[in-house]
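The structure is shown first, and the account follows.

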Amino acid sequence: MGSFSLEHVTKDFGGLTVIPDLNLEITDGEFVVFVGPSGCGKSTLLRLIAGLEDVSSGTISIDGVDVTAEPPAKRGLSMVFQSYALYPHMSVYGNIAFPLKMAGEDRETIKRKVGDAARVLNLTDYLDRKPRQLSGGQRQRVAIGRAIVREPKAFLFDEPLSNLDAALRVNMRLEISELHHQLGTTMIYVTHDQVEAMTMADRIVVLNGGRIEQVGTPLELYRTPSNLFVAGFIGSPRMNLINGAAATEHDAATIGIRPEHIALSPDSGTWKGTVGIAEHLGSDTFLHIRADGVGQITARANGEIVLKHGDTIYLTPEADKIHRFSAEGKAL
Amino acid sequence: MARAVTTNRKLVFTVIGWAVGLLIFFPILWTFLTSFKSEGEAIASPPSFLFFNWTLENYAEVQNRSDYFKHVMNSVIISFGSTFIGLLIAVPAAWAMAFSPTKRTKDILMWMLSTKMLPPVGVLVPIYLLYRDTGLLDTRLGLVIVMTMINLPIIVWMLFTYFKDIPSDILEAARMDGASLRKEILYVLVPMAVPGIASTLLLNVILAWNEAFWTLNLTAADAAPLTAFIASYSSPEGLFWAKLSAASTLAIAPILVLGWFSQKQLVRGLTFGAVK
């Protein structure tokens, strides 16, 4: 079991309020991702759940039990750190066995459980090595191994893939998702990378300035962002946000249209524009277009399109895909 | 051209290095040589450097007059005892300051260091009277206590700087893995700080071994370490340079050997974390 309930949680550091007042429910077995720009309080929130930081007020319950005052060791959670945080003086075996040793398991059980974890994570051949003799991906797997042997109520991940190169990051992303399906244990994952959030999460919690902007499934956030911040943060490339006359036409202070919801034509359309830079990704082409009276627009075209700097093009947003926002930034 | 300049520069620095090294080592060498001279040759002017009648007489005399091994034992117990007790107190203290600092941590560290600036003689009388009344005068326990107190600020400072270089993530990982505070320090912090702890231990053993003010003032016969043993040869009967040198050589020999064998560890520990 691993359900969480955060009620009116606040956190101050000295006079600085990092998390003003936060409520959140996480159900057992969920993969929840906290996402937001740096300094939004997502790591602090994870550390509050872990018990590595004390809340200033409010309560945190795990499976209905108030653990606000419990130390990390008593909460039954495992954590994977961005820096891996392996014990450099212990072998891979020693690292994975450490939580079991702390739990007072007997030698045979430890050997069996470490062996099982090593098999799942392809670490069997490296058990005698020291962390410094491993690659980044292997170190991350050891950190995960150390987390899974405890059979925790939930796994906490603090930007675990940030130190890996792009290719390895994609692999590890899949491995962690696979692990979630195998174990079915609650996972709380912190990242600033919205692609990681979109691809891995059952539910995403978008944070900004310590406040929850929106909670929902990846597609809910993508299709119906509740405010301008979420609209701009979720999706890559970003949603085009347009103010002024074009927005007023739709009775809104700001309208948003995603790059893939803009039809392109060489001779007619709602907005006339000039092509700036074309980014060819092979499967897609992202066009950065200066549209007259609207501003800078990013549009997604298929990979075959051939347009060059300075070409004229007409843009037409799909009417039912336009997001409307009030002057306060709320979705209308 | 560039290479030639580098070589010349290297040569100059090597010569300067050796010159400074010899200058520092000279008093020890001179003491060592004097210990093999007769009393007459020891005060002869001009002094002879190597060409004199080498004799072991002074060592025999020193051994006859006083119990060298008893003083060695006292020195060992006082220096190692005070360092171990100091470490037991300082490790948790430095842990707290390095990993859970408060607004006042810096002030506390400075205050601890400031106690080292106080002239020891300023507190000699109160401590002497306290020791006299509690029966700690001329006891090994008394000396261990006073040495621990004197060197504790240095031990805490050194450990604090080493601990600061250990990523707090790793200690937090141990906490998440179910380690209690005691286990976190014992299984994770201490093994990772071994070079730092070892150099702290060595430096403090050396400091305590060489300390003379408190050992001379608080001991008489029973707990007198090697410093008191040396001092006993500069007596009212007159100065016996050769015998004093023999006693000094005997007194510094153990710590010199320890320093020699541990120099690598000492240097590594003292520069630990300087380059990342």
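## The contact between the chains

In this predicted model, 2 salt bridges are counted between chain A and chain B, alongside 8 residue pairs in polar contact, with both residues of each pair at pLDDT 80 or more. On the side of chain A that touches chain B, helix H1, strand S6 (77-80) and helix H2 (92-102) of chain A each supply at least two residues, and the residues of that side divide into 16 nonpolar, 3 polar and 3 charged.

The contact takes 22 residues from chain A and 15 residues from chain B. The area buried between chain A and chain B is about 1,600 Å², and carbon and sulfur atoms give 66% of this area. Within chain A, the residues that lose the most area to chain B are Tyr87(A), His89(A) and Met102(A), which together account for 31% of what that side buries.

Side chains of opposite charge can pair when their charged atoms come close.

## Salt bridges within chain A

Over all chains, a search of the whole structure finds 16 salt bridges. One of the pairs within chain A is formed by the side chains of Glu151(A) and Lys113(A), with an N to O distance of 4.0 Å. This pair links distant parts of the chain, 38 residues apart, with Glu151(A) in the loop between helix H4 (136-148) and strand S7 (154-158) of chain A and Lys113(A) in helix H3 (residues 107-120) of chain A. Glu151(A) is exposed, having a relative accessible area of 60%, whereas Lys113(A) is buried, with a value of 16%.

A further salt bridge joins the side chains of Asp116(A) and Arg119(A), at 2.6 Å from N to O. Because Asp116(A) and Arg119(A) are 3 residues apart in helix H3 of chain A, they are separated by about one helical turn. Asp116(A) counts as partly exposed at 33% relative accessibility, while Arg119(A), with a relative accessible area of 53%, is exposed. Elsewhere, salt bridges that share partners join Arg47(A), Glu53(A) and Glu172(B) into one network.

Strand S15 (residues 284-291) and strand S16 (residues 295-302) of chain A run antiparallel and are joined by 8 bridges. Within this pairing, Thr285(A) of chain A stands opposite Ala301(A) in S16(A).

How many residues lie between the strands of the hairpin of S15(A) and S16(A), and which residue takes a positive phi there? The hairpin has 3 residues between the strands, and Gly293(A) takes a positive phi near 75°.

Notes:
Residues are numbered from 1 along each chain as its sequence is written. Chains are lettered from A and ligands numbered from 1 in the order in which they are written. This is a predicted model: local features need pLDDT of at least 70, side-chain atom pairs count only at pLDDT 80 or more; totals for chains, interfaces and linings use all residues. Side-chain values use heavy atoms; hydrogens and water are left out. Helices (H or I, at least four residues) and strands (E, at least two) are DSSP runs, numbered from the N terminus. Buried means under 20% relative accessible area, exposed over 50%, partly exposed in between (1.4 Å probe, protein chains only). Two strands pair if DSSP finds at least two bridges between them. Contact means heavy atoms within 4.5 Å. Buried area is the accessible area (1.4 Å probe) that two parts lose on being put together, summed over both. A polar contact is a pair of N or O atoms within 3.5 Å; within protein, one must be able to donate a hydrogen and the other to accept it, and residues adjacent in sequence count only if both atoms are side-chain atoms. Ala, Val, Leu, Ile, Met, Phe, Trp, Tyr, Cys and Pro count as nonpolar, Asp, Glu, Lys and Arg as charged, and the others, Gly among them, as polar.
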